[in-house]
Amino acid sequence: VERLLAFMERHRRLLNEVIRKMPSLMVEGPFAALTVYPRVLDFDNKRTLFRVMLKRFDGNHHHETVRLNLRRSLVFEDSYNQIIALRPPELRGRLNVRFQGEEGVDAGGVNREWFHILAREMFNPNYALFKTSAVDKVTYQPNSKSYINSIHLSYFRFIGRVLAKAIHAGKMLDCYFTRAFYKHILGVPVTYLDMEASDPEYFKSLKWMLENDITDVIDETFSLEVDDFGVPKTIDLKEGGRSVAVTEENKKEYVQLVSEMRLTNSVRKQIDAFLSGFHDLIPASFISIFDEQELELLLSGLPDIDVDDWKANAEYAGGYTANSPQAVWFWRAVRSFQPEERAKLLQFCTGTSKVPLQGFAALEGVNGVQKFSLHRDFGSVKRLPSAHTCFNQLDLPQYESYEQLRSQVLKAVNECTEGFSLV
């Protein structure tokens, strides 16, 4: 198997072209190992494999239509009451949505409208379930204080079912989540890099701690001070943590534990409730073939990226100008990319594939409107590009040819979901 995987890694592009023409190779014959090691597959082939896996899981059983009879004024509450009452097998049936007092048969349009409404209503602050990212105000994460809503966990299970149903039915949702939340869905551990979307300033302090000697500088313990609606509380990051000092020797453990506490453990009940609903329809092993970037594309679809608009609203720094060879090569490369590759590049640079309705002129960053910027990286041309998603910034080494630049950008976008800078 290892030799086969090494072969597939070396011939990834050719392999994916062959599979596009003969998808059955993924589930039969020598390439069946791809169901266990899907890393070498491009997103479109993973999506095809995912559909095959779902179809086999659903079996040949006839599933009764799921009929929802809703009041438009209470669409979220009515949908919750009816969806949460279904047994998991019943969720596999085709949806038929009807709004009370409205004529017409749901031939798909009402169904799409229902998903659209719920994708907006789940973020309604009155339910206190999610809060926006501190970075862009367009991506969401679970609210650690959602317990102010007495049935918040049941709502999270309902939302898990809705998102899974949208994926199962191939419906795109106009909703975007933080990198950490996508990781929770995939069962991938968070790292301190994921802190950026939640608290950029705190992320910077953790990064500084890792990169510098903190001896006689940092006075912290393995504990975290939190504010619970005005009541200060101390949470131990490990047993007896408030009595254990953070030192140069144990700082990596501290950074990982404090990141897990803030990003995962503080919303563990909400995540578990969401996943219980999500897994009612889609097994964890199925969704885990994707990475967090691809999961966003699976849920929200490939964005329509206008490269001319992106380029027209770009800024340059560090010695680059719009006429620098590297800038010219960069936009040439972007135009040459497939839609999936452009979407991943946008995710790499900004943290999300969402394009503002007003276009790239309205791109949001940590300080409000923040246009995409291309900065010169003064390091070695052997380095990969790095991203600063707080500022929608791409640091691009001074590559010596178009071919080198295109290859390095694609490598960073496709392979470095963890290995790039996120300052």
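**Exercise 1. The second largest cavity**

Name the residues that line the second largest cavity, and state which element gives the largest share.

Solution. Step 1: V66, I83, L86, L91, L95, W114, R161, V162 and K165 line this cavity. A cavity is a set of points on a 1 Å grid over the protein atoms alone where a 1.4 Å probe fits but cannot get out, and lining residues have an atom within 4 Å of a point. The model is predicted: local features need pLDDT of at least 70 and side-chain atom pairs pLDDT 80 or more, while totals for chains, interfaces and linings use all residues. Residues are numbered from 1 along each chain as its sequence is written, and side-chain values use heavy atoms, without hydrogens and water.

Step 1: Helix α6 supplies the largest share of that lining, three residues. Helices (H or I, at least four residues) and strands (E, at least two) are DSSP runs numbered from the N terminus.

Step 2: The space in this second largest cavity is about 40 Å³. Volume here is the space filled by probe spheres set on the points, which are joined across faces, edges and corners. A search of the whole structure finds two cavities of 30 Å³ or more.

**Exercise 2. The largest pocket**

Describe the largest pocket by its volume, its lining residues closest to the centre and its main contributor.

Solution. Step 1: The volume of the largest pocket is about 770 Å³. A pocket is an open set of points with protein on both sides within 12 Å along at least five of seven lines.

Step 1: The lining has 30 residues, and S144, K145, V226, S266 and V267 are the closest to the pocket centre.

Step 2: Two or more residues each come from β4 (140-142), α6, α7, β5 (223-228), β6 (231-236), α9 (251-263) and α10 (268-278). Strand β5 gives the most, five residues.

**Exercise 3. D194 in a loop**

Locate D194 and find the side chain to which a polar contact joins it.

Solution. Step 1: D194 is in the loop that lies between α7 (179-186) and α8 (200-211). D194 is buried, at 3% relative accessibility.

Step 1: The side chains of D194 and R179 form a polar contact of 2.6 Å. Such a contact is a pair of N or O atoms within 3.5 Å; within protein, one must be able to donate a hydrogen and the other to accept it, and residues adjacent in sequence count only if both atoms are side-chain atoms.

Step 2: Beyond four places in sequence, the residues in contact with D194 are R179, A180, K183 and L263.

**Exercise 4. Aromatic pairs**

How many aromatic pairs does the whole structure hold, and why is the pair of Y127 and Y155 edge-to-face?

Solution. Step 1: The search gives 28 aromatic pairs. Rings of Phe, Tyr and Trp (its six-membered ring) pair if their centres lie within 6.5 Å; planes under 30 degrees apart are stacked, over 60 edge-to-face and the rest tilted.

Step 1: Y127 and Y155 are edge-to-face because their ring planes stand at 70°, with the centres 5.6 Å apart. Y127 lies in the loop between α5 (109-121) and β3 (130-132) and Y155 in helix α6 (residues 152-169), so the pair ties together parts 28 residues apart in sequence.

Step 2: Y127 is buried at 10% relative accessibility, and Y155 is buried at 7%.

Step 3: The rings of Y192 and F203 have planes at 15° and centres 5.7 Å apart, so this pair is stacked. Y192 is in the loop between α7 and α8, and F203 is in helix α8, 11 residues apart. Both are buried.

**Exercise 5. Helix α12**

State how many residues of helix α12 are buried and what covers them.

Solution. Step 1: Helix α12 (residues 292-300) has nine of its nine residues buried.

Step 1: The cover includes α3 (43-58), α6, α7, α11 (284-287), α15 (339-350) and α16 (402-415).

Step 2: D291 caps the N-terminal end of α12, with a side-chain oxygen 3.0 Å from the backbone nitrogen of Q293. G301 follows α12 and has a positive phi, near 85°.

Note on methods: Buried means under 20% relative accessible area, exposed over 50%, partly exposed in between (1.4 Å probe, protein chains only). Contact means heavy atoms within 4.5 Å.
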